[in-house]
Amino acid sequence: KELILNIKDLKVEYRTEDGVVKAVNGLDLEIEKGKTHGLVGETGAGKTTTALSVLDLIQSPPGVIVDGIIELEGKNIRGLKDKEMEKIRGNDVSMIFQDPMTSLNPVMTIEDQIAEVIEYHESGGYKEAIKKTHEMLTLVGLPPKRGKEYPHQFSGGMKQRVVIAMALACRPKLLIADEPTTALDVTIQAQVLTLMKNLRNQYDTSMLMITHDLGIIAEICDKVSVIYAGRIIEHGNLVDIFDNTRHPYTEGLFNSLPNLKDRKAKLKPIKGLMPDPTDLPTGCPFHPRCDYAMDICSKAYPEKQYRNDQHFVECHLYNDDNIEKGGLIKRG
Ligand code: SF4
């Protein structure tokens with residue numbers, strides 16, 4: 001398999017007055033070229049910190065990347081000089097945020113903003129950049145003449161389309177989308193997702209889709225990594241994760257969803273809250289919330305157990321001696 005992004009043993013902390021927030025704790029993530037990879041978990045699990053680390057956008061202080069390797073197409077990009085990193089952002093990796101205004105300038109016309117990005121990365125000059133801008137606006141379903149308007153004249157869904165156009169304007173190798181539809185209402189959400197799906201197919205862009213919503217994962221992703229307390233605790237393709245769920249936390253995410261097929265009867269929120277990241281529980285960090293917790297769970301962190309060549313889970317239920325007992329969550 002050819003990887004666009006390979007993150008190994010990433011550790012990120014925020015050193016605050018209240019203590020050291022361990023946001024990412026030895027995270028491994030492999031994103032294959034041309035695939036859409038979903039990163040799913042609750043708020044505070046470390047999703048955004050992971051994405052910001054890739055782009056070297058962790059605010060420092062208080063944030064520090066303590067350890068780990070981040071490879072883009074096999075080349076380590078962690079710790080590059082600002083100038084080199086700037087080239088990677090936009091040229092190779094683009095990011096779409098939940099709030100489109102994070103990326104838009106309120107006092108610049110839409111077309112000038114997109115053109116500016118194109119001009120920065122390409123040598124064709126302003127006229128050529130505006131021509132390309134109009135093509136991009138059409139591509140995301142906006143009439144080019146509206147490019148003369150300002151962000152406040154656009155609805156939330158339209159603004160997010162503009163941001164997508166901007167993110168794709170330089171044909172990035174990897175697009176990171178951090179909850180890109182969360183701020184939109186359901187109908188617009190569906191439209192934006194369809195748009196992203198079409199653009200991905202058209203451009204063959206690899207994508208990291210960050211979300212708390214398994215419905216979005218089902219809609220758009222090929223691979224899924226479930227994140228909890230800054231680590232990937234289960235990973236696989238859609239069938240592995242949706243039909244052969246193994247980790248109690250992944251199961252909890254499904255059970256807390258009201259509207260996924262066949263799961264209606266089991267609607268049940270995950271008990272308890274995400275652990276305090278300044279004081280993570282010992283052993284498996286999910287143990288205070290887990291219905292299946294055993295003695296060992298509070299003592300030792302579970303090793304990765306592979307269920308097939310790609311589907312892995314970090315949970316003591318699948319240790320050799322426990323699997324004999326039937327590994328309590330056995331589906332599919
Ligand atoms: Fe639950 Fe133990 Fe598995 Fe953690 S390791 S998810 S506490 S069973």
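I call a residue buried if 20 or more other C-beta atoms lie within 10 Å of its own. The model I am reading is predicted.

**Entry: strand β6.** I looked up where the side chains of β6, residues 93-96, point. V93 and M95 point one way, S94 and I96 the other way. In a regular strand the side chains alternate between the two faces of the sheet. I then checked burial and found that V93, S94, M95 and I96 are all buried.

**Entry: the partner of β6.** I looked for pairing and found four bridges from β6 to β7, residues 174-178. The two strands run parallel. Opposite I96 I find A177 of β7.

**Entry: whole chain.** I count 10 helices and 12 strands. The C-alpha trace spans about 70 × 45 × 40 Å along its principal axes. Of the 332 residues, 40% are buried. I also took the contacts with a separation of 6 or more: residues 24 or more positions apart account for 64% of them.

**Entry: nonpolar core.** Which residues have the most contacts inside the largest nonpolar core? I get I114, A165, I176 and L208, in a core of 78 residues. Helix α5, residues 156-168, supplies the largest share of this core, eight residues.

**Entry: L208.** I listed what L208 touches, leaving out residues up to four places away in sequence. The list reads I31, H37, L39, A51, L174 and I176.

How values were computed. Residues are numbered from 1 along each chain as its sequence is written. This is a predicted model: local features need pLDDT of at least 70, side-chain atom pairs count only at pLDDT 80 or more; totals for chains, interfaces and linings use all residues. A residue is buried if 20 or more other C-beta atoms lie within 10 Å of its own, exposed if 12 or fewer, and partly exposed in between; C-beta atoms are placed from the backbone. Two strands pair if DSSP finds at least two bridges between them. Two residues are in contact if their C-beta atoms, placed from the backbone, lie within 7 Å. A nonpolar core is a set of buried Ala, Val, Leu, Ile, Met, Phe, Trp, Tyr and Cys residues joined through C-beta atoms within 7 Å.
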